[in-house]
Amino acid sequence: MIDKEKKFLIVGLGLIGGSYAMGLKEAGYTVYAIDVDPDSIAFAKEQGYIDAGKSEVDPALLGRADVVILGLYPKTMIQWLKDYQQHLKPGAFLTDVSGVKCGVIDQIQGLLRKDVRFIGSHPMAGREVSGVFHSDNRIFQDANFIITPTQKNTQQDIDFVWDIAEVLGFLHISILSPREHDEMIGFVSQLTHAIAVSLMNCNDNTHLKEYTGDSFRDLTRIAKINENLWSELFLLNRETLIQEIDGFAAELQNLREKLVQGDEKGLKKLFIQSTQRRKQFDRTY
């Protein structure tokens, strides 16, 4: 368990950053925050998510933080560290919440001071809304958490961020290399968002809402997407995502061929296989 004297700083009070703050405060830790939006800082203070916060970088606040959670977009995170790492406390521990790791982690670990430590991590949680105003640390209770160490990280680094995930209440914690992470995320997260976006863009019928059932609503829930963040994530992982899109297109073409051929047996085989695979996600408790 992490020493309760440790002070946390959340940089970027979005949905995830705000939910981290909630969880850490509930666990009894001192939590600070920095966010460019003064209203987000004011809201977090009013709700008791943070002990103190600023809408601009405060060297004194950075200097008090033992642990820094970077809730910024990948490119912004790299630039932020270039600009402000000189204010970090010696021995400070840093991690992130970014959905892409390759290239990003290497840049960060290459530019950081030698007396601070960074290890990548990814909370696999979220909603179709954004901002601290929608924060809820309960989103972590059924969620996965991925730690992405490099050769520059120690077992102590891994253990520390593992403890953070346990404090926040994540259901399952895994360790993957940055490359393994991006390959996995390309399929389970980015491809699914690409499919949802494509479904909503392939038909402009404004009356769809009057006819749809739960299946269409469930499948397209994540089509309500942050265009700035997700365009950056897609492009940073584009080679992997393109491969996944090609694989999905091939499987969709396979199903199409079954229809063209009137292959009822082939269709049933696909349905049975998908049902069996999907059952692995169902809870038995």
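Reader: Where is Ile 10 found?

Author: In this predicted model, Ile 10 sits in strand β1, which covers residues 7–11.

Reader: Is Ile 10 buried or exposed?

Author: Ile 10 is buried, because its relative accessible area is 0% and the cut-off for buried is under 20%.

Reader: What is Ile 10 in contact with, leaving aside neighbours within four places in sequence?

Author: The list is Gly 17, Tyr 20, Ala 21, Leu 24, Val 31, Tyr 32, Ala 33, Ile 34 and Ile 69.

Reader: And Gly 71? How far is its C-alpha from that of Ile 10?

Author: The two C-alpha atoms are 6.9 Å apart, although Ile 10 and Gly 71 are separated by 61 residues along the chain.

Reader: New topic: helix α6. How many residues does it have, and what does it span?

Author: Helix α6 runs over residues 155–168, which is 14 residues. From first C-alpha to last it reaches 20 Å, close to the 20 Å expected at 1.5 Å a residue.

Reader: Which residues of α6 are buried?

Author: Asp 157, Ile 158, Phe 160, Val 161, Ile 164, Ala 165, Val 167 and Leu 168.

Reader: Why do residues three or four places apart point the same way in an α-helix?

Author: An α-helix has 3.6 residues a turn, so residues with that spacing point the same way.

Reader: What comes just after α6?

Author: Gly 169, with a positive phi of about 90°.

Reader: On to α7 and α10. How do their axes cross?

Author: The axes of α7 (residues 178–201) and α10 (residues 238–260) come within 9 Å and cross at roughly 55°. The two helices are therefore oblique to each other. The crossing is right-handed.

Reader: Which residues make that contact?

Author: From α7 there are Arg 179, Asp 182, Glu 183, Gly 186, Phe 187, Gln 190, Leu 191 and Ile 195. From α10 there are Thr 240, Leu 241, Glu 244, Ile 245 and Phe 248.

Reader: How many are nonpolar, polar and charged?

Author: In the contact of α7 with α10, 6 are nonpolar, 3 polar and 4 charged.

Reader: What about α10 and α11, how do their axes cross?

Author: Those axes come within 8 Å and cross at roughly 145°, with α11 being residues 264–279. Here α10 passes α11 in a left-handed crossing.

Reader: Which residues meet there?

Author: Glu 251, Asn 254, Leu 255, Lys 258 and Leu 259 of α10 meet Gly 266, Leu 267 and Leu 270 of α11. That contact of α10 with α11 divides into 4 nonpolar, 2 polar and 2 charged residues.

Methods
Residues are numbered from 1 along each chain as its sequence is written. This is a predicted model: local features need pLDDT of at least 70, side-chain atom pairs count only at pLDDT 80 or more; totals for chains, interfaces and linings use all residues. Side-chain values use heavy atoms; hydrogens and water are left out. Helices (H or I, at least four residues) and strands (E, at least two) are DSSP runs, numbered from the N terminus. The expected span of a helix is 1.5 Å times one less than its number of residues. Buried means under 20% relative accessible area, exposed over 50%, partly exposed in between (1.4 Å probe, protein chains only). Contact means heavy atoms within 4.5 Å. Axes are lines fitted to C-alpha atoms, for helices over the stretch in contact, and angles run from 0 to 180 degrees between N-to-C directions. Angles under 35 degrees count as roughly parallel, over 145 as roughly antiparallel, 65 to 115 as roughly perpendicular and the rest as oblique. A crossing is left-handed if the near helix is turned anticlockwise from the far one by less than a right angle, and right-handed if clockwise. Ala, Val, Leu, Ile, Met, Phe, Trp, Tyr, Cys and Pro count as nonpolar, Asp, Glu, Lys and Arg as charged, and the others, Gly among them, as polar.
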